[in-house]
Amino acid sequence: MYKRILLKLSGEVLSGEDKKGFDENALEYLAEEIKDVVKNGIKLGMVIGAGNLFRGRELQDVTNSIGDHIGMLGTVINALYLKDYFEKKGIKTVVVSQIVNLPSVRIIHYDDIELYFNAGYVVIFAGGTSNPFFTTDTAAALRAVEMKADVLIKATKVDGIYDKDPKKFKDAKKYDKITYDDAINLGLKIMDTEAFSICKRYKMPIIVLNFFKKENLLNAILDNGIGTFVKP
């Protein structure tokens with residue numbers, strides 16, 4: 001069983017597929033999945049995207065760096081919304097970020113993060129990498145290394161990594177295990193090349209799974225062979 005996890009979620013987890021905003025059913029499902037993990041004593045960090053609100057580069061006539069800054073603020077909005085929702089469900093949660101100065105957001109300090117984990121808090125890392133031109137995938141890889149996670153789990157809508165889109169191609173082949181180099185060389189788009197490269201450099205394993213199948217997250221943490229395992 002993995003004891004220390006970084007979970008990467010898309011903003012779509014909060015809104016439902018192809019929707020915007022926040023959906024009560026989606027949030028309820030997410031909270032129940034997280035609660036099952038926390039009850040098992042797992043130290044859980046999270047990085048969440050902002051696609052349910054907006055993606056910075058979807059904004060027309062906005063320069064890339066400004067668009068990315070807007071997207072980074074979107075992740076802070078999601079993190080604070082989740083913190084409030086989780087705590088109402090009995091899940092102790094803290095939001096940390098380098099990009100905002102708000103009373104409900106704490107600056108990232110490694111020693112403090114360890115204290116939060118030891119006190120049973122879920123730690124949500126908001127604001128991406130704190131720099132434009134990087135995605136939340138890259139932020140997840142960076143935070144996983146910083147928090148000394150045992151594994152980075154990427155939550156998706158499919159049950160692992162395929163050689164092509166399984167929703168479009170019936171003959172798509174699923175990989176149960178794959179190396180970082182193969183994932184990069186084959187151009188598999190499940191994560192950014194920068195994220196794969198960080199994980200490769202620091203030997204951070206990755207599990208890619210279907211988050212929308214109940215208890216998949218907990219079963220992956222229990223090492224029950226869920227999804228695709230990306231390894232050195």
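Tyr180 counts as buried at 2% relative accessibility, where buried means under 20% relative accessible area, exposed over 50%, and partly exposed in between (1.4 Å probe, protein chains only). The model is predicted: local features need pLDDT of at least 70 and side-chain atom pairs count only at pLDDT 80 or more, whereas totals for chains, interfaces and linings use all residues. Residues are numbered from 1 along each chain as its sequence is written, and side-chain values use heavy atoms, with hydrogens and water left out.

Tyr180 belongs to helix H6, residues 180–185; helices (H or I, at least four residues) and strands (E, at least two) are DSSP runs, numbered from the N terminus. Contact means heavy atoms within 4.5 Å. Leaving aside neighbours within four places in sequence, Tyr180 is in contact with Phe196, Cys199, Lys200, Lys203, Met204, Pro205, Ile206, Val230, Lys231 and Pro232.

## Overall architecture

The protein chain contains eight helices and 10 strands. Its radius of gyration is 17 Å, close to the 17 Å that the globule rule gives for 232 residues, so the chain is as compact as a globular protein of that length. This radius is taken over C-alpha atoms, and the rule is 2.2 Å times the number of residues to the power 0.38. Along its principal axes, the C-alpha trace spans about 50 × 45 × 35 Å.

Buried residues account for 50% of the 232 residues. Of the contacts between residues at least 6 apart in sequence, 71% join residues at least 24 apart.

## Nonpolar cores

A nonpolar core is a set of buried Ala, Val, Leu, Ile, Met, Phe, Trp, Tyr and Cys residues joined through side-chain atoms within 4.5 Å. The largest has 36 residues, and those with the most contacts inside it are Ile34, Met46 and Ile153. Apart from this core lies another, of 33 residues, among them Val96, Ile178, Met204 and Ile206.

Beyond its neighbours within four places in sequence, Met46 is in contact with residues including Leu6, Leu82, Phe86 and Val122.

## Helix H5 and strand E5

Helix H5 (residues 136–146) is mostly covered, with eight of its 11 residues buried. These buried residues are Thr136, Asp137, Thr138, Ala139, Ala140, Ala141, Arg143 and Ala144. They pack against strands E1 (4–9), E2 (43–48), E4 (122–125) and E5 (151–156), and against helices H3 (64–88) and H7 (193–201).

Ala155 lies in strand E5 and is buried, with a relative accessible area of 7%. Not counting residues up to four places away in sequence, Ala155 touches Leu7, Lys8, Leu9, Leu209 and Phe211. The C-alpha atoms of Ala155 and Gly227 are separated by 9.7 Å, although the two residues are 72 apart along the chain.

## Positive phi values in loops

Most residues other than glycine have a negative phi. Phe133, which is not a glycine, has a positive phi of about 75°. Phe133 is found in the loop between E4 and H5, and counts as exposed at 51% relative accessibility.

Asp223, also not a glycine, has a positive phi of about 65°. Its place is in the loop between helix H8 (216–221) and strand E10 (228–231), and Asp223 is exposed, with a relative accessible area of 51%.
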